[in-house]
Amino acid sequence: MSLQTDSAPRLQAAYNGKTYENTLPTTVSPPSGYGALLKRWLFDKAERAPRAPLGPFRADAPALAAPVPATALRATWLGHSTLLLEVDGRRILTDPVWAERASPSQLMGPKRFFAPPLPLDKLPRLDAVVLSHDHYDHLDPAAIRFLAKTNVPFFCPLGVGAHLRRWGVPAARITELTWWETAALAPDFTLVATPARHFSGRGLTRNDTLWASWCLLGPTHKVFFGGDSGPFDEAFRQIGEAYGPFDLVTLEIGASDPEWADIHLGPDNALAAHRLLGGGPLLPLHWGTFNLAFHAWRQPVQRLLEAADAGVPLLLPAPGQRVDVAAGPLNSRWWE
């Protein structure tokens, strides 16, 4: 695959030879301290996980396996930040997580609210897997090992390829990019790694791999996949100016809190980022799947609906529900 670097002066992640750093000063540790967080975890009364079982949700596997029309733009949300995108004849899977828990151990840690609506072995043939960073709720070793047995190419930020190689993905099928670098998925289809304000790490390591958002630029449609990011106005403005407006914007809205306001958007900041990117249909991610914050599990989507004005076309499908973006706004109200 041919690579090229955009020559325009734009925001770049800093690298000191060992770790990556955000362009803006970014606090990962909670200002109030971990003791205050533990108190909230033990005593806050918010419904952080559903009281009643959710689902089962089921994607239409045979329909998803049919050939993708050359001018299609469809999305199937499989939970959290895992999306099956159908863009201009190509199928792209983002941040594949099928694990029961978003944790280094499948015996403890945040547990899924619902089973994946599409079993791994029912996935259609993929043209690409796109990864935003290496956190446990975005990168699932078992899913990667399964996908490694296929011929799908992987696209990831710098350093994440080491995880993939360890889990069986051939090096020849891995493309690692820094911000603003591009890779050709096909002669008329380009992937661009773009900035995000976050951090990385698995186990005891931190920031030894890069994090990124992505622009998926097909011959007819353009999609923005936000991954994880805190407020980053200049980056979102630069991305919108370079590649927007987008036909579909996906941004995180959940697992947000004032204690980690630098590294997650939440609903209000997601709407601000959406404006800077140039608007377009908005499909929210990173909510309703794992208990990763103190807010009620429904709160992100409820607040999004309160805060979004009539000019924001929201796409709120149920898990596994296939969305044809051209059909216009959708509110499934599945969380009710």
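Predicted model: local features only at pLDDT ≥ 70, side-chain atom pairs only at ≥ 80, totals over all residues.

**Spaces, surface and backbone**

Sorted by class, the residues that line the largest cavity are 8 nonpolar, 6 polar and 1 charged. Rolling a probe the size of a water molecule over the atoms shows where empty space is left. In this model the count comes to 1 cavity of 30 Å³ or more, and the space in the largest cavity is about 100 Å³. Its lining is made up of 15 residues, of which Ala-255, Phe-290, Asn-291, Leu-292 and His-295 are the closest to its centre.

From the cavity we can turn to the pocket. The largest pocket has a volume of about 1100 Å³, and among the 33 residues that line this pocket, Pro-110, Phe-199, Trp-260, His-264 and Leu-292 are the closest to its centre. The lining of the largest pocket divides into 16 nonpolar, 12 polar and 5 charged residues.

On the surface, a nonpolar patch is formed by Leu-38, Trp-41, Leu-42 and Phe-43, which together have about 450 Å² of accessible area.

The peptide bond that runs from Gly-55 to Pro-56 is cis, with omega near 5 degrees, and Pro-56 is found in the loop between α1 and α2, the latter being residues 61-65. A cis peptide bond also joins Gly-244 and Pro-245, where omega is about -10 degrees; Pro-245 lies in the loop that leads between α5 (233-243) and β14 (248-252).

Other details concern the angle phi. His-80, a residue other than glycine, has a positive phi near 55 degrees, and its place is the loop between β4 (73-79) and β5 (82-87). Is His-80 buried or exposed? Because its relative accessibility is 3%, His-80 counts as buried, the cut-off for this word being under 20%. Asn-207, again a residue other than glycine, has a positive phi near 65 degrees and is placed in the loop between β11 (189-194) and β12 (213-217). With a relative accessibility of 16%, Asn-207 also counts as buried, because buried means under 20%.

Technical notes
Residues numbered from 1 in each chain as written. Heavy atoms only, no water. 1 Å grid on protein atoms, 1.4 Å probe; cavity = no way out; pocket = protein on both sides within 12 Å on 5 of 7 lines; lining within 4 Å. Points joined across faces, edges and corners; volume = space filled by probe spheres on them. Nonpolar A, V, L, I, M, F, W, Y, C, P; charged D, E, K, R; others polar. Patch = residues over 30% accessible without salt bridge, like charges linked within 9 Å, V, L, I, M, F, W, Y side chains within 5 Å. Areas by Shrake-Rupley, 256 points an atom, 1.4 Å probe, with all protein chains shown as cover. Salt bridge = Lys/Arg side-chain N within 4 Å of Asp/Glu carboxyl O. Helix = DSSP H or I, 4+ residues; strand = E, 2+ residues; numbered from the N terminus. Buried < 20%, exposed > 50% of the residue type's maximum accessible area, 1.4 Å probe, protein only.
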